[in-house]
Amino acid sequence: MNGGFSPLTGFMDEATYKSVVDNVSLPDGLIFGLPVVFDTDDEDLSPGDIVLLKDGDRPIATVEFTDKYTPNKAYECKKCYGTSEIEHPGALMVATERGKYYLGGKVTGLNLPTRDFPCKTPAEVRETLPDDVDVVAFQCRNPVHRAHYELFTRALDDPLVGENGVVLVHPTCGPTQADDIPGTVRYKTYEVLKEETHNDRTRWEYLPYSMHMAGPREAIQHMLIRKNFGCTHFIIGRDMAGSKSSVTGEDYYGAYDAQDFAKEKGAELGVTPVPSLNLVYTEEEGYVTADEAKEKGLSEKKLSGTKFRQMLRGGEDIPEWFAFKSVVKVLRENV
C-alpha cells in the first residue's frame with residue numbers, strides 16, 4: 001500500500017500468482033521475483049468480501065477480494081526456492097505457516113503500522129535522494145561491520161557506477177531467521193554507525209521486510225523493491241539470501257547463482273547489479289581484495305561469526321579491524 005511492491009495494488013490474484021511462480025514476471029511481462037499473497041484457512045472468505053486489516057487496534061488497510069484459489073504449494077516452493085524440502089526456511093514457511101487458500105484483492109491503505117524504528121515509504125525516500133546521480137542500494141540483515149562498510153563504500157568506485165554516486169544502506173529490519181539479531185537491536189546498531197561514520201555519500205533507511213532466503217529469486221525481489229525506493233544499482237554479494245538445509249547443512253544455491261540471475265534480469269528490470277568485492281583484512285595493508293592479498297602474499301586476519309559471538313558474550317575485546325566500537329557497545333547492551 002506504500003508502493004514498495006509497485007506496480008502491485010494488492011495481493012496477487014491466481015493469474016498473477018501463477019505468472020510470477022512460472023515466469024518470474026507479472027502477466028504483462030514485468031519482472032517480479034516472489035509471490036505476494038493473502039493466505040487463509042477461512043472457508044467462508046469469498047470474492048467480493050471486504051476485510052479490515054489491523055495492527056492491534058490500529059486500522060491499517062482494507063482488502064477487497066477478487067478471487068480465491070488453492071495453490072500448489074510444493075510446486076510454488078520448487079519454482080521459487082529451488083526446492084520443496086521443508087529443510088529450507090522459505091519452503092517451511094509456505095508449508096506450515098500459510099493457510100490452505102490464497103486470495104487476490106485490492107489493498108486500500110488507511111494508516112501505516114506503528115513500528116519500533118522509522119520506515120519511510122518509497123516516495124519519502126526518493127524525495128531525499130539526488131535525482132541526477134546513481135544510487136547504489138546495499139541490502140543486509142545483520143549489523144554492519146568493517147568489511148561490510150568497506151564493501152559498500154568502495155562500490156561507488158565500481159566502473160558500473162557513475163561519478164558522484166551515493167549509497168543507500170537499506171537493511172531489512174523485519175523478522176529474519178531464528179538465530180538472527182532482532183530488528184530493533186539491528187536498527188540501534190545502524191543508527192550509532194550512521195553517526196560514527198557520517199558521510200554525505202552514504203544514506204541510511206530501513207525496510208520492514210521479512211527475508212525468504214530465496215537466493216536468486218530473492219535478489220530479483222530486492223532489486224525491484226529498491227528500484228521503487230529510487231535506486232539505480234544494487235550490490236549483490238556472494239551467496240546473497242542463501243540458505244542451507246536444516247538437516248544436512250548443504251547449500252541450496254551456488255555461491256554466484258544470485259549474481260548470475262541478477263545480471264541476466266537486471267537490464268530488463270532497469271536496475272544494474274554491482275558484484276560485491278571479496279574483501280579480506282591484512283596486517284600489512286588493511287582491507288584489500290582476496291586476489292590482491294594472494295598476489296602480494298599478504299598476511300590475512302580472520303574472525304568467524306561464531307567466534308565473534310562467543311567473544312561478544314564473553315566480554316572479550318573485539319578487534320577494531322573487524323567491528324566498530326559503537327556497534328559492539330550496542331550489541332553488548334542488547335543481546
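Reader: Which exposed residues sit on the face of α10 turned away from its buried side?

Author: This is a predicted model. In α10, one face is turned away from the buried side. The exposed residues carried there are R313 and G314.

Reader: Which residues of α10 are buried, and why do they line one face of the helix?

Author: Helix α10 spans residues 305-314. Seen down its axis, the buried residues of α10 fall within an arc of 100°, so they line one face. An α-helix has 3.6 residues a turn, so residues three or four places apart point the same way. The buried residues are F308, M311 and L312.

Reader: Which helix is included in what covers the buried residues of α10?

Author: The buried residues of α10 are F308, M311 and L312. Part of their cover is a helix formed by residues 325-334. That helix is α11.

Reader: What residue follows α10, and what is its phi?

Author: The residue after α10 is G315. Its phi is positive, near 75°.

Reader: In what order do the strands of the open sheet run, and which are the edge strands?

Author: The sheet has 5 strands, with parallel pairing. Their order is β8-β7-β6-β9-β10. An edge strand pairs on one side only. The edge strands are β8 (202-204) and β10 (272-275).

Reader: Over how many bridges does β9 pair with β6, and over how many with β10?

Author: In the sheet order, β9 stands between β6 and β10. V136 is opposite H233 of β9, while I236 is opposite P275 in β10. Both pairings are parallel: β6 with β9 over 2 bridges, β9 with β10 over 4 bridges.

Reader: Which residues of β9 point one way, and which the other?

Author: Four residues of β9 are named here, including H233, and all are buried. H233 and I235 point one way. The other way point F234 and I236.

Reader: Which helix lies across β9 and β10, and at what angle to β10 does it run?

Author: The helix spans residues 257-269 and is α8. It lies across β9 (233-236) and β10. Its angle to β10 is about 150°.

Reader: Are α1 and α2 parallel or oblique to each other, and what makes the contact?

Author: The axes of α1 (residues 14-23) and α2 (residues 73-81) come within 8 Å and cross at roughly 45°. The two helices are therefore oblique to each other. The contact residues divide into 4 nonpolar, no polar and 3 charged. They are Y17, V21 and D22 of α1 and Y75, E76, K79 and C80 of α2.

How values were computed. Residues numbered from 1 in each chain as written. Predicted model: local features only at pLDDT ≥ 70, side-chain atom pairs only at ≥ 80, totals over all residues. Heavy atoms only, no water. Buried < 20%, exposed > 50% of the residue type's maximum accessible area, 1.4 Å probe, protein only. Arc of directions from axis to C-beta. Contact = heavy atoms within 4.5 Å. Axes fitted to C-alpha atoms, helices over the stretch in contact; angles between N-to-C directions. Parallel < 35°, antiparallel > 145°, perpendicular 65-115°, else oblique. Nonpolar A, V, L, I, M, F, W, Y, C, P; charged D, E, K, R; others polar. Pairing = 2+ DSSP bridges.
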